[in-house]
Amino acid sequence: MKARLTIAVALVIALLPVAYLLSLAVRPADDVLNSSLLPNTWTWQNFVRVFDTIDLTTMLANSWISATGAAVLAVAVATPAAYVTARRTGGDRLLSVLLASYCAPPIVAIIPLFFALRYAGLTNNVGGLVLVNGIASVPVAAWLLDGFVRRIPVEIDEAAAVDGLTPARVFAKVVLPLLWPGVVAALLVVFFLSYNDFLFAVYLAVTKESQTLTVGLSLFQGDRNVQFGQQAAAGLLGIAPVYVLALAAQRYLVGGLTTGAVK
Amino acid sequence: MNTSVFPRRRALQLLGLAGGAAALAPVLAACGSSGGTDALPSTAPLSGKFDGVTLKLLVNQPHVTSFRDVLAPKWQQATGGRLEVTPAPYDQLTSKQILDVQSGTGEFDIFDYFYFGLGDLVDAGALTDLTQWIDTNAQQIGVSGYLPSIYDPYTLLDGKRYGLPYDGDVHILFFNTELFERYRVEPPRTWDEYDAAAAKITTDAKGAAYGAIVSGQQVPMILGCSYINRLTGYGGNLLDAQGKPALTSDASVAALKHLVAVAPSALPTPLQIGFDQANTAFLSGQGALLDTWTDMALRAEDPTASKIAGRWGALPLPVGGTNTTPRTALDAGFGLGISTATKNRDAAAAFINWATAAPQNQLVSSTAGAGIDPVRGEVLESAGYAKVVTKAIDPIRQGLNGHPLVWPKQAGAPKLLQDLVDQLALAINGSQTVEQSLDNAQKSWESAAT
Amino acid sequence: MTRRVPLWLAAPAIAGLLLFLVYPTVYLVALALTRSSLAHPLRVFTGVENFQKAFAAPAFAPSLGKSTLFAIVVAVVTTLLGLGLAMLLRHRGAGFGVAGALLLLPLVTAPVLVGVAWKLLLAPVGGGLAGIAAALGLGGFNPLGSGVGALIVLGLIHIWQWTPFAALIAFAALGVVRPELVESARVDGASPWRTFTVVTWPAIAPSLLAVATLELVIGYKVFDTIVVITSGGPGFATALSPFVIYQTGLRGSFDMGTAAAQTLVFAAVVGVVATAVTTVRARMVRAEG
């Protein structure tokens, strides 16, 4: 009925650009600006040729490794921090500071970060991207998890404390298991943010071995005759597995919710 | 918790940090290293065997094919050395080169550099001074064979040389012969004729096609080129003979007026069009006139990329005002330089000599898809090159053999160009008059010079 | 009891803050107070000159207002739309479902790619939607050609990309609303709106405000799409602050000193707005008590 129709419209809007990308990816170069959503001629060549134009395999690997690493790092750091910000008196001041650090555009931080990474030997290196993206995303993860922690009734903590557990133990043994859906959500969000990161990757991972997918896509823009079909093909090859991940993980997320917090 | 205390406390913290930072500034400055500025000795080699040596190049994205697919195998054959090519989009190239050296990383040996970033690169200590080496070995390098129109612009700064020319980029005017025939218009020789042709075709085609494609996206490489192509047609220059800004000259005013005048007849809308859209539109026959780089000639004839193969032509850029000699501009243009942070200086020197020598320049210019233009007279006049660019050969030869407009290249030049382009955009979208925009640009250039 | 939560749990986060906030801030302030270029940072102490230069540049001051307006609008719209979508999905059952999973796709797509797709969709001649626009009699449909249009397009693209995030969080938050409370409210004869305000809203408010704040901050940092689609144009219409700073520091002028000054000013603006929202949130949460 009305609800179904609205959702259907929402789905069309959500999927239109990606469907258009697919339509671009299967076209030859001269068919790109044909005023239509659909191609006039079909070809699979773009998916093959793109591997010659850019080093797509390496870039995909780099994107995946750095995004996964960043997600794990960010959530590992942010989860205990969120417990502090949500439960401790005055804890939300820490959260405001974290958020403030997230506010500024990272552009001018490029120079000091470059020096810091060089000092650690991590420039032009996937490890460097993991560190930078991970730490940069801690505020997002902490903010998310803070909300999830607050939804867990304080009585649970208090009951465990009465049972003789130290606050750290309360966190690790009682709260953390209940926090699982939030952790998954945070992992996913940081993964996507890092996977799609552009600015850090462009300046901190310059060499061919360390370039990521977003940098690869921007290389097409730098060409004088942009190969839109190949660019779309590269993009789709990049997001397809990520989407499969989102689909699979989303079920886990919802499952966690339905068996979730105590009433 | 009282949140109003927080901002005040934060302000104090920031002030404290500021004080600390100001005190720390000299220390931090010492941490950043700039590459060494020692010059390449005149005894550095011109060739040699470099088995096991891998040279790392940071190049402009469109040049990848020339380095990776054409030159690398030959270099290996000739010297045993390997090339590792990293591309960067044109708008990040100079900043990445500066950052590589300035941060102390020093990943790359060779920079494929934009000539108008030369000032900034030298200021950053990123390029090795090659003057002695070139002067001593001028004959073996074949300095006299480089095109005079580009040799000094690409390599000379404050009396010193920092590279050898690699790619001689100029703009010419491409037109769609079919559209011109259909709407009975003559290919234009002056900018006035260009405007008229554009208007007529757009009116008569009623939306099926547009008379002109004007790229006006607000970056120097795009809107800057469109303006400069008109400026050079009028015989104008960005700097006068004394090196002072000449943005309010008659030629300059005329150039901007032409841009404003043609906008309504151009592919909608100039200010949002970059060369990806512009090129694709021309190749699919939607626009009749396009001023762009010479490699359009190859694309236009390539049936897998173009719908107009066999139905296009090329002309020199139109002239205007009192100037009747066609003149182009060095819109982009690249040289090969040696990073000051390189650890393979000898191999790098041998490479840039080899890569810009006649046989190699001939090879890359004549390979379709490599996108390189001649830097040597003999290559420009060769039949091999003519075969590749087909109908565009005459305007290209005329342009590179003439006195093309050279963009400013001193330190800070990119900023000047961006300021200019910002003002041009305001004139085109009607927020300011032409005179006001050029006045503002002139003032900002003058104050930057002080 | 729970108030004695030890601070060391947050130690790694605080260490991260040191690396990512304190050190770059110190460096930033140093850059802002000196004449610094990309090549030669921290050359000469120049006091507030960079701040003056920052405001003298035509694009910067207006960009602060534009960025703020943009961020607030997209935060509000994404949160409300996300809530609406979440409620629609909840209506169909407890599972996010296939529909929900598909709705996540925009979030996952790289902005560079999104930018290219939309740029080509909206290209006035030959674009994907050009044929449809002409058929609908909207020949000359070119939103990217005007300043306002381009800004709206960027806003819509951002909303398109980030609403799924809000929907995800809202969906999770709605899961905590106790169905028996909703039921009893309905039995008591309360209208759907009243049920919402009395039962649903208090339960989901903290999460929703959390999401809105985050969407606000993310809206302030819009950058990739500007670079790919409009380059700040036409004119300066879509030159939002992060883009202006990028131009100053890394593209046009390599003037790191002024870029740093601009960043500090921008961060201050965002901090003020974000703190205001956080305060509101804290008050609301306390009121729910």
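Helices (H or I, at least four residues) and strands (E, at least two) are DSSP runs, numbered from the N terminus.

This is a predicted model, in which local features need pLDDT of at least 70 and side-chain atom pairs count only at pLDDT 80 or more, while totals for chains, interfaces and linings use all residues. Residues are numbered from 1 along each chain as its sequence is written, and chains are lettered from A and ligands numbered from 1 in the order in which they are written.

Now select all of helix 20, residues 434–449 of chain B. Its 16 residues reach 23 Å from first C-alpha to last, close to the 22 Å expected at 1.5 Å a residue. That expected span is 1.5 Å times one less than the number of residues.

Next, which residues of helix 20 of chain B are buried? Pick out Val434(B), Ser437(B), Leu438(B), Ala441(B), Ser444(B) and Trp445(B). They lie on the same side of helix 20 of chain B because they cover an arc of only 125° around the axis. The arc is that of the directions from the helix axis to the C-beta atoms. Show helix 11 (250–262) and helix 19 (413–428) of chain B too: the buried residues of helix 20 pack against them.

Move to chain A. Colour it by secondary structure: 12 helices, 0 strands. The C-alpha trace of chain A spans about 70 × 60 × 25 Å along its principal axes. Of its 263 residues, 61% count as buried.

Zoom in on Ala141(A). Setting aside residues up to four places away in sequence, Ala141(A) touches Ala74(A), Val75(A), Ala78(A), Ala186(A) and Val190(A). Contact means that C-beta atoms, placed from the backbone, lie within 7 Å.

Finally, show chain A with chain C. Here 91 residues of chain A are in contact with 89 residues of chain C. The chain A side divides into 64 nonpolar, 18 polar and 9 charged residues. Ala, Val, Leu, Ile, Met, Phe, Trp, Tyr, Cys and Pro count as nonpolar, Asp, Glu, Lys and Arg as charged, and the others, Gly among them, as polar.

Note on methods: Contact = placed C-beta atoms within 7 Å. Buried ≥ 20, exposed ≤ 12 C-beta atoms within 10 Å, placed from the backbone.
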